[in-house]
Structure formats: structure tokens, C-alpha cells
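Me: I'd like a close look at one part of this protein, taken slowly. Could you pick a charged pair, start from there, and then show me what else is worth a look?

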Amino acid sequence: MFRILQKHRVDYILIGGVCASLHGSSMNTQDIDIVPARTPENLVNLAAALAEVRAYYREHPPFRILPTAARMDTPGHHLLMTDLGPIDLLGSIVGGRDYVSLLHGSIEVEIDDLRLRMLDLPQLIEIKRETGRRKDLLALVVLEEILKIREADLPRE
């Protein structure tokens, strides 16, 4: 899915379980959670990427409502199923944070030839704490330990 998003030049920030996994958590997740930029051009690019993987809203069976740029231009959540599995597009998350407000707490990572933007570990921890769902609180324990280990490994000046 990330390669499709990159191919279509979609600007987004990866959050959630996959982001936690990339930071070193071993917790399992079933979907990809992203916060896309909601500029007109980016939403058109996102709609094209989603069309390529035959995305549709998964909460409206048996109908196959398709995501469009106009539908996705909201701060709400768009829970989609694709040929590659589920993806959740979140216009904003806890505290009304959208793509622009999350940028300062994000990092760009490169995995082989894939480049993606995701929340940095301190921002991910803050959001998990604020969300407060049981699964987030469980993940929080692991993520905070990873952060402690990383901070302990930093060279002292």
C-alpha cells in the first residue's frame, strides 16, 4: 500500500500500529492508519491511489461506496477495505490534530526504495496516552520502554 501511495505522490503521516511496529513494538495490527494532507491536489492523488487498489468504505455492506476526493475532504474517519487489506484515513485525530499540526512531530524514514512519513516516537506516545483506549494504553507501556532504551543509548556530551 505504501508503494501505491508513493507512486501517486500522496502526502500522509503514518500513525497507529504500523507506526508503532516501525519504532520497534511487536504488537500486532490489522490495518494501516494514516492522516493524509487534505489539499485538493493531494486528495485527487489519494483517490487515484485508492482506485488502483479498489478501495471502498467497509462500514456500509453490502454497498461498495467508493472514496472520492470530495468525500475525503473532512476531518472525519474513512474506514476502507482495499485489495491489499484495510486502511483507515483519518482527517484528524485526538485533539483535532490534522496533517499540518502533526508535521512537527513526524519523521521521514526510508526502507529500501520506499520513503514514508510517520509520527516520531515521542509524538506517538503522546497521542496513545491522550487517546486512552485499552489497546493504546497497552501499546503505551511498550513504546515508553523503547523510548527509554533509545534515550539511554544516546551519546552523552
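Reply: Let's start with Asp-88, which is buried, with a relative accessible area of 8%. Bear in mind that this is a predicted model. Asp-88 has a partner: it forms a salt bridge with Arg-58, and the closest N and O atoms are 2.8 Å apart. The two come from distant parts of the chain, 30 residues apart. Asp-88 sits in strand β5 (residues 85-90), while Arg-58 belongs to the loop between β3 (56-57) and α4 (69-72). Arg-58 counts as partly exposed, at 30% relative accessibility. So the pair has a buried end at Asp-88 and a partly exposed end at Arg-58.

As for the general idea, side chains of opposite charge can pair when their charged atoms come close. Across the whole structure, a search finds 13 salt bridges.

Some of them join up. Glu-108, Glu-110, Arg-115 and Arg-117 are linked in a salt-bridge network. Within it, Arg-115 meets Glu-108 at 2.0 Å, N to O, and Arg-115 also meets Glu-110, at 2.9 Å. Here Arg-115 is partly exposed at 44% relative accessibility, Glu-108 is partly exposed at 42%, and Glu-110 is exposed with 52%.

Next stop, helix α6, where you'll find Gln-123. Gln-123 counts as buried because its relative accessibility is 7%, under the 20% cut-off. Leaving out residues up to four places away in sequence, Gln-123 touches Arg-97, Leu-102, His-104 and Gly-105.

The spacing makes sense in general terms: an α-helix has 3.6 residues a turn, so residues three or four places apart point the same way.

What about the length of α7? Its 20 residues should span 28 Å at 1.5 Å a residue, and the end C-alpha atoms are 30 Å apart, which agrees.

Finally, look at Val-141, also in α7 (residues 134-153). Val-141 is exposed, with a relative accessible area of 57%. Together with Met-27, Leu-138 and Val-142, Val-141 makes a nonpolar surface patch of about 320 Å².

Key: Residues numbered from 1 in each chain as written. Predicted model: local features only at pLDDT ≥ 70, side-chain atom pairs only at ≥ 80, totals over all residues. Heavy atoms only, no water. Patch = residues over 30% accessible without salt bridge, like charges linked within 9 Å, V, L, I, M, F, W, Y side chains within 5 Å. Areas by Shrake-Rupley, 256 points an atom, 1.4 Å probe, with all protein chains shown as cover. Salt bridge = Lys/Arg side-chain N within 4 Å of Asp/Glu carboxyl O. Helix = DSSP H or I, 4+ residues; strand = E, 2+ residues; numbered from the N terminus. Buried < 20%, exposed > 50% of the residue type's maximum accessible area, 1.4 Å probe, protein only. Expected span 1.5 Å × (residues − 1). Contact = heavy atoms within 4.5 Å.
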